[in-house]
Amino acid sequence: MRARLEETGYLVDDGLATACFLALRLHRPIFCEGDAGVGKTALASALAGALDAPLIRLQCHEGIDASQALYDWDFPRQLLHLRAAEATGVKDADRLEGELYDRRFLVSRPLLKALETQPSVLLVDEIDRADDEFEAFLLELLSEFSVTIPELGTLRAEVPPVVVLTSNRTREVHDALKRRCLYHWFDHPGFARELAIVRRRLPAVSARLAEQVTTLVQALRSQDLLKPPGVAETIDWARALDALGANEVDAELAVATLGSVLKYREDTERARGLDLAAVLAARGA
Amino acid sequence: MSGVGGGAGWAESGGRGRTDGWGAWDRRSDERDGRARQTGRHESPSRQTDGRTPPARQAGGREAPNGHAERREPETGRAPAADVRGRCVDVPGREGGTAHGGASPGGPVAAPARPAAGARADAALLGFARALRAAGVDASAERVHAFLRAVDVLRTGVRADVYWAGRLTLCGGRDDLERYERVFAACFGDAAPAGRTVTAPRPPRLRLVAREGPVPRTVARNGERPLPPAAALASSAEVLRHRDVAGLDAAERDQLRRLLAAFALRGEVRRTARRRPARRGEVDPHRTVRELLQRGGEPARLLRHTRADRPRRVVVLVDVSGSMAPYADALLRFAHAAARGSRTEVFTVGTRLTRVTRELSHRDVDLAMAALAAAVPDWRGGTRLGELLREFLDRWGQRGMARGAVVVMLSDGWERGDPELLGAQMRRLHRLAHRVIWANPRKARPGYAPLAAGMAAALPSVDAFVEGHSLAALERLAAVVRGAAPAPVEGADRA
């Protein structure tokens, strides 16, 4: 499992490898929590790559409901069908009704699509943004991998999709939902691991630059920042510096490109006050 | 046929608007079910009988998820297979029979038979789950079941696998992880597991030891005159409403508690992205077309919908430090009543920040207070408002909990830390929250001026500064949270 994930350029630690393994074996969704930019969403695409399955993504937002997430009837087509039937003079009302609520008039939204596509990886992103009522929709889906459509009956997945849920913890997700999942907390990676991730994701960036950027980010993270940079920011920064044609970074260049790592003015001020050159030197870089 | 999704989807898609023809509809949908069931059977034979094996096999050439999951990962380079089972079994012995009551019916048979060993390992795992529950992790039976299945699928003997299986299945939140580490170390020995240990989320560990002893029940601290007990006997609910909570005797407190239980705290409403059917507003294409379909395509009346309103989230931060001790109980009961709404979050602040929303979700207020007392480690300690506010914002607020919310701070603003820090964090909070309300029980004292350094630093970022010393004051606080303008304050509403 781990080797497969790493082939896709996503490095996993023991916990995450176990989580993925169990998710596949026990058909349980993985519930991911952690700071922004530590690879929660990337996990789903890595899984999709590793399993060679399409990734189906549902971005949650406030007010999301079944017709956006699950399925919807294609009303215009139903109407057209009705008109066509009238024009050709079909009189059998019962049959007509049956036809109207046929599968072909059903528009699959991400959740239903994930059940119908086999195998597939379903990413339910930022579940905490949706309303609590929406979680109830997910319950049946996640435990039974089936969806009940009043007009059609229950649709069930032959091969249950691999489900990844992510949450930024803006609110506590209901226990009934969490109980059905494997819980994994994403921490910021250590130096060696982060460096490996940067190297893996950006093979074009010079080894020295990658190491320096990682050192700086680790130093920044240990500072007391409003928004500590995630791995995503490290990669962004390395990419930005690489785009500037730098092979190594000095304090001046680092300050000039801080905008790709720190997104709050207070944080930037704080980082400016930091002796970045000393940080670089301390690492022996 | 009446699954959760089905029922709700139903209401969503316009059933509500229809006034006639229920019977007809039901009949129709029944027929359709019949049909669907048939086709369903046609598409997926042997669903019920063999569970999930056939699809995995049938996936054939390309590896289906199930297929290659069969492989046990040999390459992980984990901790060498330190056989936990031996140690697992030792644990119950050490902890005595209580935790593992009926788990070993066979008695101490030293049979090396597989099932017996399995059962004993299971017993050890169950004992572990039980210890976790005792430590406050919500390891329900369902989670434990998942845990056993997970261990079963993994290599049972390997310590790191047991560790991760438990952590993935038994924990339900970041707060659980720390406890999990602790209990795991206690049950299965101390060597750090192969994975990285959880770094505790920067909790301010510095714990000022609270002097447990002589905090007088009716407070004579801070120069307040103790009320004569005779007056208390005559108190009716109305008088009680205006009395300072700090000066109540036991009977009055009882009555106060009953009154507090009837409280409700609803946030100010705001418009949401969600829409609800309404008489006027934009045309709702979904319901309109649905109705149109029912009438056989004849143009029908236009159905409309409009934006729904919804109360904002309320976040309550209750100061439980020593200086607030006379009020803490009443305020927490107030918070309990407030937390009954689903969109209220409660934290306690003292020397540590503790999220107590879950503890307060017990319906019974006394159970809730007991759970809370167990969960909050810093009763009557010092106050480090600034630092804890920063922790709140870092861990919860900025991610979204405080965004657009009504944040209520119940504190006297006596800050032991740096008032500058508190001021900065309050500004930050103010930028995030819809409204910041500070309720200070001491405000009602005659001659009160916000001179406490913390209070003075915080005030510029506070939208409404109210009292919180009596039932009436709390009622007004609730009104302010609901969106009322804070009443012009005169300190003269004490009975």
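What percentage of the 495 residues of chain B count as buried? The points below take up this question and then turn to particular helices, cores and residues.

1. The structure is a predicted model, and the remarks that follow should be read accordingly. In chain B, 37% of the 495 residues count as buried. In chain A, which has 285 residues, buried residues make up 48%.

2. Chain A contains 15 helices and nine strands. Chain B contains 20 helices and nine strands. If one takes the contacts in chain A between residues at least 6 apart in sequence, 77% of them join residues at least 24 apart. For chain B, residues 24 or more positions apart account for 74% of the contacts with a separation of 6 or more.

3. The largest nonpolar core comprises 122 residues. Those with the most contacts inside this core are A:Cys20, A:Leu47, A:Val121, A:Val164 and A:Val213. Helix α2 of chain A, residues 14–26, gives the most to this core, contributing eight residues. Another core lies apart from it and has 69 residues, including B:Leu265, B:Val314, B:Val346 and B:Ala439. As a general remark, nonpolar side chains tend to be buried together in soluble globular proteins.

4. A:Val164 deserves a separate entry. When its neighbours within four places in sequence are left aside, A:Val164 is in contact with A:Pro29, A:Ile30, A:Cys32, A:Leu43, A:Ala44, A:Leu47, A:Val121 and A:Leu123. Of these partners, A:Leu47 and A:Val121 are also listed, with A:Val164 itself, among the residues with the most contacts inside the largest nonpolar core.

5. In chain A, the axes of helix α10 (residues 191–201) and helix α11 (residues 207–222) come within 9 Å and cross at roughly 135°. The two helices, α10(A) and α11(A), are therefore oblique to each other. Their crossing is right-handed. On the α10(A) side the meeting residues are A:Phe191, A:Glu194, A:Leu195, A:Val198 and A:Arg199, and on the α11(A) side they are A:Ala210, A:Glu211, A:Val213, A:Thr214 and A:Gln218. By class, the residues of this contact divide into five nonpolar, two polar and three charged.

6. A helix pair in chain B may be described in like manner. Helix α9 (residues 159–170) and helix α10 (residues 174–188) of chain B pack at an angle of about 145°, and their axes are 11 Å apart. The crossing of α9(B) and α10(B) is right-handed. From α9(B), B:Arg159, B:Tyr163, B:Gly166, B:Arg167 and B:Leu170 meet B:Tyr180, B:Phe184 and B:Phe188 of α10(B). The residues of this contact divide into five nonpolar, one polar and two charged.

7. A:Phe145 is found in the loop between α8 (132–144) and β6 (146–149) of chain A. Not counting residues up to four places away in sequence, A:Phe145 touches A:Leu115, A:Arg156, A:Ala157 and A:Pro160. The C-alpha atoms of A:Phe145 and A:Val159, which are 14 residues apart along the chain, are separated by 8.9 Å.

8. In chain B, B:Ala473 lies in helix α20 (residues 471–482). B:Ala473 is buried, since it has 24 other C-beta atoms within 10 Å. Residues up to four places away in sequence excluded, B:Ala473 touches B:Ala444, B:Val466, B:Glu467 and B:Gly468. Between the C-alpha atoms of B:Ala473 and B:Asn440, 33 residues apart along the chain, the separation is 9.9 Å.

Conventions. Residues numbered from 1 in each chain as written. Chains lettered and ligands numbered in written order. Predicted model: local features only at pLDDT ≥ 70, side-chain atom pairs only at ≥ 80, totals over all residues. Helix = DSSP H or I, 4+ residues; strand = E, 2+ residues; numbered from the N terminus. Buried ≥ 20, exposed ≤ 12 C-beta atoms within 10 Å, placed from the backbone. Contact = placed C-beta atoms within 7 Å. Axes fitted to C-alpha atoms, helices over the stretch in contact; angles between N-to-C directions. Parallel < 35°, antiparallel > 145°, perpendicular 65-115°, else oblique. Left-handed = near helix turned anticlockwise from the far one by under 90°. Nonpolar A, V, L, I, M, F, W, Y, C, P; charged D, E, K, R; others polar. Core = buried A, V, L, I, M, F, W, Y, C linked by C-beta atoms within 7 Å.
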